[in-house]
Amino acid sequence: MAHRLLVNVIFTGASVFGKAFTEAYKQAAKASAAGAAAGGPAKAASMGGISTEESLKILNIDKKDLTLEKVDEKYNYLFEVNSKEQGNSFYLQSKIYYAMDTLKKELEYLEKVKQNKEGGGSSSPTS
């Protein structure tokens, strides 16, 4: 009798979990489709999974000073200072690399958004 009750509980739990998982997947698919249909450029993510805020902290850059030249300058300096030849770790170099990658992708994304606003928002009148 106890086995039957246990099996019944397991099947009921699996059924509830399956329905919840299916519903969550449907919602995620809808949200993804809605984001793609918005027409804006997709924001690329860094392979390292580092947020923009963390990347700014790692490279010691203020958000208002974010330029490609500044990112390259900070990256080159920190990457060299933390090289294995200097007695430092590959882990730190990886964090620095992924921070640079994230910020470059952020700058590319901001440029695309700017171009879309300029190109899509204003139409030139014809004479």
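Tyr-25 counts as exposed because its relative accessibility is 58%, where exposed means over 50% relative accessible area, buried under 20% and partly exposed in between, with a 1.4 Å probe and protein chains only. The model is predicted, so local features need pLDDT of at least 70 and side-chain atom pairs count only at pLDDT 80 or more, while totals for chains, interfaces and linings use all residues. Residues are numbered from 1 along each chain as its sequence is written, and side-chain values use heavy atoms, leaving out hydrogens and water.

**Surface**

- Tyr-25 is found in helix 1 (residues 2-37), helices being DSSP runs of H or I with at least four residues, and strands runs of E with at least two, numbered from the N terminus.
- Together with Phe-17 and Phe-21, Tyr-25 makes a nonpolar surface patch of about 430 Å²; such patches take residues with over 30% relative accessible area and no salt bridge, with nonpolar side chains (Val, Leu, Ile, Met, Phe, Trp, Tyr) joined within 5 Å and like charges within 9 Å.
- A salt bridge is a side-chain nitrogen of Lys or Arg within 4 Å of a carboxyl oxygen of Asp or Glu.

**Core**

- The largest nonpolar core has twelve residues, among them Leu-56, Tyr-75 and Leu-107, a core being a set of buried Ala, Val, Leu, Ile, Met, Phe, Trp, Tyr and Cys residues joined through side-chain atoms within 4.5 Å.
- Helix 4 gives the most to this core, with five residues.

**Whole chain**

- The protein chain has four helices and zero strands, and 18% of its 127 residues count as buried.

Definitions and conventions: Areas by Shrake-Rupley, 256 points an atom, 1.4 Å probe, with all protein chains shown as cover.
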